[in-house]
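This report covers overall dimensions and aromatic contacts. The structure is shown first.

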Amino acid sequence: NTAFKDGEVVTMKVYYTLGAYIAAGEATFSTNLERFAGKTVYHFVGEGKSYPFFDNFFKVRDRYESYVDTATLLPMKFIRNVDEGGYKIYNNVTFNQSTNTAVSTKGAYKITDCMQDVVSSMYYARNINFDKYKAGDKIPFDMFLDDEIYHLYIRYVGKEKIKTKYGKFRAIKIKPLLVKGTMFEGGEKMTAWLSDDPNHLLLRVESPISVGSVKIDMMNYKNLRYPLTSLTSVR
């Protein structure tokens, strides 16, 4: 890990559009050092919820947790507890990366090397040295979700300047290959921008969803590992 530190908290605001953008909800990602199974781990927690007004249309109450080995950045445990429009999922997965096995709420499974989960893959992406790649390159990784293995990748698009609800940034543009879910479409439909500084902080996400599209902007942060030097001006 060269990108984040203990105590980091990032808040994102979710905007939904079906013609015009509406503030629909928030997502918060936190990082804490803890002890788990005799090891020092990063405990990542991602929580998302829709605002009360938007609950009438599509209520979201999501909580994702990942316990990640600080030495390898590989997950040891993953917990998914989501409610999206009344569609509820709970899954608790324990990974043994040395024996390539995963035991979930529903059973035991054989996994591939260096297996990631939904949350750990985001922090893995922040630690990629994008200067090693050229525009169009794919960076592969495997992810375990809903008791299945997905062979995915992050496509590096390049660098550009962006204007978000927070301010103007120099940014790294990527397109992650998505698994089709209840809200997001599969394929390379999502675009994400990371800060072009050592934090590789997630600044913006844009993606079509089942109805309309979403734009997610970073609105607040604390305890970054480095100064946010990619920020050129604040709104």
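The model is predicted: local features need pLDDT of at least 70, side-chain atom pairs count only at pLDDT 80 or more, and totals for chains, interfaces and linings use all residues. Residues are numbered from 1 along each chain as its sequence is written, and side-chain values use heavy atoms, with hydrogens and water left out.

The protein contains two helices and 16 strands (DSSP runs, H or I of at least four residues and E of at least two, numbered from the N terminus). Its C-alpha atoms fill a box of roughly 50 × 40 × 35 Å along the principal axes. Of the 235 residues, 50% count as buried (under 20% relative accessible area, 1.4 Å probe, protein chains only).

There are 16 aromatic pairs in the structure (Phe, Tyr or six-membered Trp rings with centres within 6.5 Å; stacked means planes under 30 degrees apart). In one of them, Phe 44 and Tyr 123 have ring centres 3.7 Å apart and planes at 0°, so this pair is stacked. Phe 44 is in strand 3 (residues 39–50) and Tyr 123 in helix 2 (residues 118–126), so the pair ties together parts 79 residues apart in sequence. Phe 44 counts as buried at 1% relative accessibility, and Tyr 123 counts as buried at 4%. Phe 4, Tyr 42, Phe 44 and Tyr 123 form one aromatic cluster.

Two lysines lie over tyrosine faces (NZ of Lys within 6 Å of the ring centre and within 35 degrees of the ring normal):

| Lysine | Ring | Distance from ring centre |
|---|---|---|
| Lys 138 | Tyr 153 | 4.6 Å |
| Lys 165 | Tyr 15 | 5.1 Å |

Methods:
Phe/Tyr/Trp six-rings, centres within 6.5 Å; stacked < 30°, edge-to-face > 60°.
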